[in-house]
Amino acid sequence: MDEKNFLAVQFEASRAHLQRVAFRMLGSREAAEDAVQEAWFKVSRADTADVDNLGGWLTTVVSRVCLDMLRSRRARREDALGPAVLEPAIGEDDSAYPERETLLADQVGMALMVVLQTLPPAERVAFVLHDMFDLPFDDIATIVDRSPEAARQLASRARRRVGGGAAAVRPDIERQRVVVQAFLRAARGGDMQGLLAVLAPDVVFHADAAAQKSGSRPELRGAEAVAANFHGRAQAARPALVDGVLGLAVAIDDGPVFVVLRLSLRNGRITAIEAMADPERLSSFEIEVLDELPIAEA
């Protein structure tokens with residue numbers, strides 16, 4: 001196998017990881033895919049003879065592409081809306097924030113993604129790479145064009161902002177969980193009125209080709225049609241965060257997730273359900289199965 005073919009194989013093997021990195025930085029699956037594709041264009045033309053850690057180097061290339069995209073996005077907003085708030089000066093003490101793992105555990109999913117959108121590009125990149133993917137600050141420094149100490153302070157500031165901002169977003173997640181739990185209980189119990197109560201009148205259901213092979217309809221529109229589809233079903237479904245978005249994960253016992261239902265909610269009702277069962281697509285998701293709420297809370 002020649003060098004270019006070897007590089008292509010290694011890149012494809014790392015694609016799911018690279019897309020997760022890009023998604024955490026950019027907050028959009030489409031943008032993440034664009035960033036990874038742009039990274040491949042750069043990688044395919046590069047000389048890798050002196051690259052010792054190919055996986056780390058690929059992460060670096062994708063991160064630089066994401067940083068450029070974030071800066072471009074921020075510049076467009078500033079042109080349209082005026083100057084953004086200036087970044088705080090470097091030099092803050094990080095010693096008061098030692099419980100990084102505990103902090104992150106409380107802020108996964110949608111709440112974290114919403115707050116990440118508000119961070120300046122360099123802070124966001126430093127936080128994602130270090131706190132989520134354990135990249136050393138020496139490596140992060142080369143990506144954000146700062147010293148390792150400055151990179152550490154970027155992540156520190158981001159951690160503070162995440163800690164303050166996610167707390168304000170979290171109640172929305174909890175309110176949505178009540179709706180999703182009510183949907184699950186109504187579906188499992190064959191409660192048609194309960195299903196209609198949590199579905200928007202114009203709710204839309206879509207299923208990918210893999211889900212259709214398992215018996216799902218390609219598309220359903222309207223609360224009655226969608227409610228009838230789930231009536232008495234969803235026995236193996238569990239509430240989950242799918243790339244930070246509230247939804248449902250379907251697995252048998254402790255086996256792997258084989259169907260994901262991504263949900264959209266508005267005004268306390270479910271407005272869209274997307275069923276996905278394509279194995280390659282599922283492997284690219286970050287899925288966190290959540291505990292079910294007690295009956296009294298739903």
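The legends below describe close-up views of one predicted model. Local features are given only where pLDDT is at least 70 and side-chain atom pairs only at pLDDT 80 or more, while totals for chains, interfaces and linings use all residues. Residues are numbered from 1 along each chain as its sequence is written, and side-chain values use heavy atoms, with hydrogens and water left out.

**Figure 1. Overview of the chain and its confidence.** The chain has 12 helices and seven strands; helices (H or I, at least four residues) and strands (E, at least two) are DSSP runs, numbered from the N terminus. Of its 298 residues, 45% count as buried, where buried means under 20% relative accessible area, exposed over 50% and partly exposed in between (1.4 Å probe, protein chains only). The accessible surface comes to about 14800 Å², and carbon and sulfur atoms account for 52% of that area; accessible areas come from the Shrake-Rupley method with a 1.4 Å probe, and for residues only the protein chains shown count as cover. Contact means heavy atoms within 4.5 Å. Among contacts between residues at least 6 apart in sequence, 66% join residues at least 24 apart. The mean pLDDT (the predictor's confidence in each residue, from 0 to 100) is 79, and 79% of the residues reach 70 or more. Over residues 77-108 the pLDDT is below 50, and this stretch has 43 contacts in the model beyond near neighbours in sequence.

**Figure 2. The largest nonpolar core.** A nonpolar core is a set of buried Ala, Val, Leu, Ile, Met, Phe, Trp, Tyr and Cys residues joined through side-chain atoms within 4.5 Å. The largest one holds 41 residues, of which Met25, Val125, Leu129, Ile140 and Val144 touch the most other members. Two or more residues each come from helix 1 (3-26), helix 2 (29-44), helix 3 (54-81), helix 6 (121-132), helix 7 (137-144) and helix 8 (148-189). Leaving out residues up to four places away in sequence, Ile140 touches Ala126, Leu129, His130, Leu135 and Ala151. Another core, of 32 residues, lies apart from the largest one and includes Ala223, Ala237, Leu241 and Leu248.

Figure 3. Rings of Phe, Tyr and Trp (its six-membered ring) pair if their centres lie within 6.5 Å; planes under 30 degrees apart count as stacked, over 60 as edge-to-face and the rest as tilted. By this rule the count comes to three aromatic pairs. In one of them, Phe11 and Trp40, the ring centres are 5.1 Å apart and the planes are at 50°, so the pair is tilted. Phe11 belongs to helix 1 and Trp40 to helix 2, so parts 29 residues apart in sequence are tied together by the pair. Phe11 counts as buried because its relative accessibility is 1%.

Figure 4. Phe205 lies in strand 1 (residues 199-207) and Phe230 in helix 11 (residues 223-230), so the pair ties together parts that are 25 residues apart in sequence. Both Phe205 and Phe230 are buried. With Phe183, these two residues form one aromatic cluster.

**Figure 5. Arg29 over the ring of Phe23.** Arg29 lies over the face of Phe23, at 5.7 Å from the ring centre. A charge sits over a ring if NZ of Lys or CZ of Arg is within 6 Å of the ring centre and within 35 degrees of the ring normal.

**Figure 6. Surroundings of Ala234.** Ala234 is placed in the loop between helix 11 and strand 3 (237-242). This residue is buried, with a relative accessible area of 16%. Ala234 touches Leu184, Ala187 and Arg188, not counting residues up to four places away in sequence. Gly189 is 45 residues from Ala234 in sequence and 9.5 Å from Ala234 in space, C-alpha to C-alpha.

Figure 7. Thr271 lies in strand 6 (residues 269-276) and is buried, at a relative accessible area of 13%. Neighbours within four places in sequence aside, Thr271 is in contact with Ala200, Asp202, Val203, Val204, Ser264, Leu265 and Arg266. Asn267 is found in the loop between strand 5 (259-266) and strand 6. Phi of Asn267 is near 55°, a positive value in a residue other than glycine. Asn267 is exposed, with a relative accessible area of 76%.

**Figure 8. Asp134 between helix 6 and helix 7.** The loop between helix 6 and helix 7 contains Asp134. Its phi is near 55°, a positive value in a residue other than glycine. Asp134 counts as exposed, at 57% relative accessibility.
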